[in-house]
Amino acid sequence: MKIRLRYFSFIQDFTNKSSEEIETECKTVECLLEQLSSLYGEDFLKVIKNGLGSVRISILVNGKANVNNINDGDEIAFLPPPSGGELYISKRFDLLEEIKKFREKAPPEAGSLVVYLGFVKGIVENHKVYELKYEAYEEYTRRRFKEIIDGIKKKYNDLIDIQIIHVIDNMKPGEDVILIMALGKGRKDAIHAVEETLELVKHTTGIWKLEIRDDGEFWVVAGNTRVRRNEKGSST
């Protein structure tokens, strides 16, 4: 049978590719891992099973975790924890225009608009950053954004609406990357909703970034953990 494999963040350093289709007789993820280790080596298998330091790898079958059985046509994705409404793929957003459009949605009972804007840093760990290259497991991330928004709306009674915009592209220092906006009846729930949403986007969605800076290239995973990129397939 034929299955599709997708590799994200530093897992690509072992495979030298972001995706592939392979033929397999395996019916379980465990069997598949043994097949892949023959292609990409024991170090690949060790990282998938044991993680890299404190960074653990998730294996999703058709976007779902904790699935062991695989079938013809399935998609299996290997995801390190991510670094970081609406998901913009390879697009930029107009900050003032997005705020204006969201503000216009405010119903009569609304009394506050809370905005969080994240943009690319120019200095990290005392090193100059040249570029951030974002990538996403788009299908999974879109679903997670919806789950986050639905959960936040249920949790905060005075929250009227909330929106997430994230750019997936190659970004330079100073460029806007993420915008979270909340409309509330009052300020407290809107503020807390934006804070919690930001943490969920950073830690529970399929978005990663490759940081290009003056001392090398680093995959940013698990919040702010940096894994030096090694194109020969041995991230350290």
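## A tour of side-chain contacts

Start by selecting Glu-196, which counts as partly exposed at 25% relative accessibility (buried is under 20% relative accessible area, exposed over 50%, partly exposed in between; 1.4 Å probe, protein chains only). This is a predicted model, where local features need pLDDT of at least 70 and side-chain atom pairs count only at pLDDT 80 or more, while totals for chains, interfaces and linings use all residues. Residues are numbered from 1 along each chain as its sequence is written, and side-chain values use heavy atoms, leaving out hydrogens and water.

Next, select Glu-138 and Arg-142 in helix α5 (residues 138-155), four residues apart. Their salt bridge has its closest N and O atoms 2.7 Å apart.

For something aromatic, show Phe-8 and Trp-208. Their ring centres are 4.8 Å apart and their planes at 25 degrees, so the pair is stacked (rings of Phe, Tyr and Trp, its six-membered ring, pair if centres lie within 6.5 Å; planes under 30 degrees apart are stacked, over 60 edge-to-face, the rest tilted). Phe-8 is buried at 4% relative accessibility, and Trp-208 is buried at 0%.

Finish with Tyr-7, Phe-14, Tyr-40, Phe-44 and Phe-78, which ring pairs link into a cluster.

Conventions. A salt bridge is a side-chain nitrogen of Lys or Arg within 4 Å of a carboxyl oxygen of Asp or Glu. Helices (H or I, at least four residues) and strands (E, at least two) are DSSP runs, numbered from the N terminus.
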